[in-house]
Amino acid sequence: MPSLCWAAGSECRRFDTTPTPRYTSTRVGKRPEKGFLAALIFACTAPHEPSQITGEATEMPKIITELPGPRSQEIIETARTYEPRSMGDQMPVVWDHAEGCVVWDVDGNEFLDWSSGVLVTNVGHCHPYYVRQVKDQCEKLFNCYDFVTEPRAELAKRLVEITPEYIDKAFLVTTGSDATEAAIRMARRVSDGYEIIGFDGAFHGRTYGAASAGGMMGTKNNYGPMTPGFLHAPFPYMYRAPICQGKSEEEAAQACLEYLDWLVDRQSSNALCGVITEPYQGGAGGIIPPKSWIEGLDRWCKDRGLIFILDEVQSSFGRTGKMFCMEHWDIKPDLITLGKGLGSGIPCSAVVGTSEIMDALPEGSMGSTNGGNPISSAAALAAIDIIEEEHLVENAAKMGKLFEKRFVKMQESFPQLGDIRVLGLMGGLEFVKDPESREPAPELTRQIVWECFQRGLICIAPIGLYSNVIRVAPPLVITEEQANESLDIFEEAMHAALNEVGA
Ligand SMILES: Cc1ncc(COP(=O)(O)O)c(C=O)c1O
């Protein structure tokens with residue numbers, strides 16, 4: 001067994017074909033000895049042969065061509081020719097391979113990653129234990145529809161074990177949108193009513209039901225009628241929502257909760273069934289609600305016998321410094337949707353909840369072609385192992401504090417950084433032309449992303465209702481050194497962007 005550790009970087013480049021045991025339960029008392037699993041994770045080799053163009057891994061950015069590089073340009077040209085325009089929003093870089101928090105493009109440039117794909121690769125890119133578990137499963141079985149497999153059964157069990165005590169069922173699907181749709185179907189099937197309250201700015205996916213539940217107009221405008229049965233209420237976006245202005249967090253939370261009764265009185269056809277919200281709004285710009293709002297919402301649902309659906313597709317599996325974002329608060333959602341970090345690279349999503357709701361659907365009524373397939377189940381099991389064994393929840397919490405501290409410091413000399421919202425390794429940085437007027441600064445924001453890219457830091461294209469928010473979401477394996485290096489780059493990029501385009 002090779003003794004070199006992946007985390008050490010460049011030297012870990014040998015294949016080890018020793019098969020690894022599969023599906024290990026990590027429920028306390030049932031899990032394998034810590035040393036055993038830790039050895040599987042750490043005493044491992046690189047996930048793939050080193051690329052010809054890579055050179056030595058430094059785990060720090062290294063830009064060796066003009067950006068975009070020549071090979072990137074060629075491939076992007078092909079993509080632009082054969083793909084629809086709707087795919088073309090990100091920085092012009094063609095990813096070749098990645099390890100941990102480092103990405104190499106096809107020209108051999110090395111970047112630090114603040115994207116995790118799109119908050120997906122929580123365990124780091126191509127973690128060798130993860131790769132090994134997936135490879136082992138690939139040699140056995142890819143798909144068998146809804147026939148039970150050991151990995152699927154084991155993953156359902158594991159999800160029930162790591163979620164709060166009252167959760168006792170897990171249903172596996174493939175994408176976050178699938179999970180949203182499934183949760184809506186379950187809630188409606190078990191209730192007398194069908195109306196669901198969603199929130200301004202929410203994003204639950206692009207399928208029609210999910211888009212209808214959401215409150216982002218980009219997924220709705222000019223796409224024809226949305227599906228009926230959804231009402232929308234304001235989300236406590238302290239920095240911008242008119243209902244929050246001039247109020248403390250407590251007052252704003254109260255006003256938003258009171259609005260719910262107003263909405264129901266005026267718009268509901270007496271057919272209310274549930275409420276759906278993200279714990280923080282991701283696509284709208286990483287908007288974290290006041291504690292009293294989300295706890296009040298949970299109570300509001302319980303008082304009325306409504307089903308509370310919490311969309312943790314983006315916010316779970318350690319992202320916010322807790323395994324599930326809901327652990328920051330005292331809430332008990334009935335259905336929780338999971339995705340992204342669950343598969344940590346291979347598509348996998350789930351709805352977890354109570355058997356009271358989930359078993360209300362008859363046998364055979366909710367299958368899926370790819371949901372819970374053995375490959376994604378093996379991947380998710382490996383991801384959970386890694387998150388637990390490498391203490392990634394704790395690392396996200398610790399690194400999140402470091403990030404926040406640096407952003408607050410940066411704001412002193414950069415007032416255009418209007419609002420800083422950080423929870424673990426989920427950050428939303430909102431840029432404005434002027435901190436008084438809070439007029440959004442989308443041009444400056446895009447230029448900052450460009451300047452980061454030029455210096456070896458990959459960020460996702462700006463998000464938010466005004467495209468003026470930069471997302472900070474590195475893989476949870478980011479080291480302190482990488483965090484500081486990426487923050488130095490970001491600070492320099494902000495000032496360069498301001499010089500280039502003004503506020
Ligand atoms: C909170 C939330 N819910 C649902 C989705 C939809 O997930 P998918 O793109 O996998 O369908 C997303 C995707 O960004 C999300 O952030």
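Helix H14 comprises the 22 residues 480-501 and, at 1.5 Å a residue, should span 32 Å; its end C-alpha atoms are 31 Å apart, which agrees. The expected span is 1.5 Å times one less than the number of residues in the helix. Helices (H or I, at least four residues) and strands (E, at least two) are DSSP runs numbered from the N terminus. The model is predicted: local features need pLDDT of at least 70, side-chain atom pairs count only at pLDDT 80 or more, and totals for chains, interfaces and linings use all residues. Residues are numbered from 1 along each chain as its sequence is written.

The buried residues of H14 are Gln482, Ala483, Ser486, Leu487, Ile489, Phe490, Ala493, Met494 and Ala497. These residues cover an arc of only 165° around the axis, which puts them on the same side of H14; the arc is that of the directions from the helix axis to the C-beta atoms. On the other side of the helix, Glu480, Glu481 and Asn499 are exposed. A residue is termed buried if 20 or more other C-beta atoms lie within 10 Å of its own, exposed if 12 or fewer do, and partly exposed in between, with C-beta atoms placed from the backbone. The buried residues of H14 pack against S3, helix H12 (392-413), helix H13 (442-454) and S13, where contact requires C-beta atoms, placed from the backbone, to lie within 7 Å. Just after H14, Gly502 adopts a positive phi of about 75°.

Two of these packing partners, S3 and S13, belong to an open sheet of four strands, which has the order S1-S2-S3-S13 and mixed pairing. Strand S1 (95-99) and S13 stand at the edges with a single partner strand each, so one side of each is left without a neighbour in the sheet. Strands are taken to pair if DSSP finds at least two bridges between them.

Within the sheet, strand S2 (residues 102-105) pairs with S3 in the antiparallel sense over three bridges. Val102 stands opposite Leu112 in S3, and Trp104 has Glu110 as its bridge partner. The two strands form a hairpin with four residues between them, and Gly108 in the turn has a positive phi of about 90°. The pairing of S3 with strand S13 (residues 457-458) is parallel, over two bridges, and Asp113 has Ile458 as its bridge partner.

Along S3 (residues 110-113), Glu110 and Leu112 point one way, whereas Phe111 and Asp113 point the other way; all are buried.

How values were computed. Two residues are in contact if their C-beta atoms, placed from the backbone, lie within 7 Å.
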